[in-house]
Amino acid sequence: MVLLDVVFVSKDETFSFTEKDEKNFFLLNPIFSKYITFTRIPNNSENLTKVYNLVLDDKTKENRSDFVAFVHSDAKMDFIHVFNRLDECKGKYDVVGLCGT
């Protein structure tokens, strides 16, 4: 299984995927608590590219994650589906992207 860090960045303190959603997700899917971490960066005033690069530098130094997913603060995702798709991509691709609604 892959290790996935999901990073939300917001210009304020508003996140659609809240800490409560995270707790509920892990209650319903306890096995994923070993493989998925969620990070929220609130009150960001920096350019997103700069923030993403800082996060990638930190995650690279930690050498813990197979994938880092940057998700808009107003998004909710089916993390199980995404996780399974990333597992299929591991070892095949260096960068995987998704956009849309």
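This passage describes the fold, the surface and selected residues of a predicted protein model. Because the model is predicted, local features are reported at pLDDT of at least 70 and side-chain atom pairs at pLDDT 80 or more, whereas totals for chains, interfaces and linings use all residues. Residues are numbered from 1 along each chain as its sequence is written, and side-chain values use heavy atoms, with hydrogens and water left out.

The secondary structure consists of three helices and three strands, where helices (H or I, at least four residues) and strands (E, at least two) are DSSP runs numbered from the N terminus. In sequence order these elements follow the pattern β-α-β-α-β-α. The radius of gyration, taken over C-alpha atoms, is 13 Å, in agreement with the value near 13 Å for a compact globule of 101 residues, the globule rule being 2.2 Å times the number of residues to the power 0.38. The C-alpha trace spans about 35 × 30 × 30 Å along its principal axes. Of the contacts (heavy atoms within 4.5 Å) between residues at least 6 apart in sequence, 74% join residues at least 24 apart.

Of the 101 residues, 31% count as buried, where buried means under 20% relative accessible area, exposed over 50% and partly exposed in between (1.4 Å probe, protein chains only).

Helix α3 (residues 79-89) has Phe79, Val82, Phe83, Leu86 and Cys89 as its buried residues. Seen down the axis of α3, these residues fall within an arc of 115°, so they line one face of the helix, the arc being that of the directions from the helix axis to the C-beta atoms. An α-helix has 3.6 residues a turn, so residues three or four places apart point the same way. The cover over the buried residues of α3 includes β1, α1 (19-28), β2 and β3 (67-72). Just after α3, Gly91 takes a positive phi of about 85°.

Asp5, located in strand β1 (residues 4-9), is buried, with a relative accessible area of 2%. Leaving aside neighbours within four places in sequence, Asp5 is in contact with Thr37, Lys59, Arg64, Ser65, Phe67, Val68 and Ala69. By contrast, Asn43, in the loop between β2 (36-41) and α2 (48-62), is partly exposed, with a relative accessible area of 45%. The phi of Asn43 is near 55°, a positive value in a residue other than glycine.
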